[in-house]
Amino acid sequence: MSERQVFEYALLRVVPRVERGECFNAGVVVYCRARSFVAARTYLNEEKLKALDPHADVTGVRAALHAVEGVCRGGTDAGQAARDDAGRRFRWLIAPRSTVVQPGPVHTGLTADPAAEVERLLALLVR
């Protein structure tokens, strides 16, 4: 069994109408400094989105969520963040913003497998 390491995570929230403040969880971003690991997994519940805003841009919201996954993967999918290390990409993704997809507060934990943690948190807090 591998040694457990500290990790940080933030939920990604969809806020269809920022002025109303209603939101739901649509993804999670996990960062483990000791492993130079950052990853995001997303799941968009279109029914919830349409319930909060019948005129929501589903394609745009889905694209914003996929962009977060791309920044985590790095490489050409990360755009300007391509050369940044995992920590800088995580910090950029969790910076407060007033858009339809917003990061929640950062939480911490211990894990021996950060990749499995991403899936566990997605199942527990998003799906």
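## Nonpolar cores

In this predicted model, the largest nonpolar core contains 25 residues. Those with the most contacts inside this core are Val 14, Val 29, Val 38, Leu 44, Leu 49, Val 61 and Leu 65. Strands E1, E2 and E3 each supply at least two of its residues, as do helix H2 (58-73) and helix H3. The most comes from H2, which gives six residues.

Val 61 touches Val 14, Leu 44, Leu 49, Val 100 and Val 101, leaving aside residues up to four places away in sequence. Another core, of twelve residues, lies apart from the largest one. Among its members are Tyr 9, Val 28, Phe 37 and Val 126.

## The sheet

Strands of a sheet pair through backbone hydrogen bonds, in either a parallel or an antiparallel way. Here the pairing is antiparallel, and four strands form an open sheet in the order E3-E2-E1-E4. Strand E3 (37-42) and strand E4 (101-111) are the edge strands, each pairing on one side only. From one strand to the next, the twist averages 20°.

Six bridges join strand E2 (residues 24-32) to E3 in the antiparallel sense. Gly 27 has Thr 42 in E3 as its bridge partner.

## Helix H3 against the sheet

Helix H3 (residues 86-94) packs on the sheet and touches strand E1 (5-14), E2, E3 and E4. The direction of H3 makes about 155° with that of E2.

How values were computed. Residues numbered from 1 in each chain as written. Predicted model: local features only at pLDDT ≥ 70, side-chain atom pairs only at ≥ 80, totals over all residues. Heavy atoms only, no water. Pairing = 2+ DSSP bridges. Axes fitted to C-alpha atoms, helices over the stretch in contact; angles between N-to-C directions. Contact = heavy atoms within 4.5 Å. Core = buried A, V, L, I, M, F, W, Y, C linked by side-chain atoms within 4.5 Å. Buried < 20%, exposed > 50% of the residue type's maximum accessible area, 1.4 Å probe, protein only.
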